[in-house]
Amino acid sequence: MISRFPVRYAETDQMGVVHHAAYVPWLEQGRVDWLAELGVSYAELERSGVYFPVVGLELAYRRALRFGDTVGVETRLSELASRLLVFAYRVFREGDAEPAATGRSVHVPQDAAGRVRRLPEDLYERLKAAAERET
């Protein structure tokens, strides 16, 4: 799944280069879009008492992105267990084959009180099927 959007001026420094902190919301948008394409609404998940807080985040910056570029964020579910989700990302300038950045985010499902919980079985099966299609 690929999310696409323009680099906004507010995401850049004085030289027009994207600031490293701008990548984190892009990964989050990729994750939300990936789930939405699967038919899973983040908002509905939270209303049902399932939360996916980020417990780990890695980013490797490889090439600069600039104001005016169109960014693509390729998202896939790279690891899944009953109490763990790991998403992998490839951030790139539209039209470039080489990534501008790569990353991963680690999530532990929790309830509204912040206690670790198992993924609901139906959700786990949907996520598992989607991850298998991507490999």
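Let's start with serine 3. Serine 3 counts as buried because its relative accessibility is 2%. Buried means under 20% relative accessible area, exposed means over 50%, and partly exposed lies in between, with a 1.4 Å probe and protein chains only.

A word on the source. This is a predicted model, where local features need pLDDT of at least 70, side-chain atom pairs count only at pLDDT 80 or more, and totals for chains, interfaces and linings use all residues. Residues are numbered from 1 along each chain as its sequence is written, and side-chain values use heavy atoms, with hydrogens and water left out.

Where does serine 3 sit? In strand E1, residues 2-6. Strands (E, at least two residues) and helices (H or I, at least four) are DSSP runs, numbered from the N terminus.

What does serine 3 touch? Contact means heavy atoms within 4.5 Å. Leaving out residues up to four places away in sequence, serine 3 touches Gln29, Gly30, Asp33, Val71, Gly72 and Val73. Its side chain also makes a polar contact with the side chain of aspartate 33, at 2.6 Å. A polar contact is a pair of N or O atoms within 3.5 Å; within protein, one must be able to donate a hydrogen and the other to accept it, and residues adjacent in sequence count only if both atoms are side-chain atoms.

Now strand E4, residues 84-93. Seven of its 10 residues are buried. Two strands pair if DSSP finds at least two bridges between them. E4 pairs with E3, residues 70-81, in the antiparallel sense over 10 bridges. A hairpin of two residues joins E3 to E4. Valine 86 in E4 stands opposite glutamate 79.

E4 also runs antiparallel to E5, residues 101-107, with seven bridges. There, phenylalanine 87 has serine 105 in E5 as its bridge partner.
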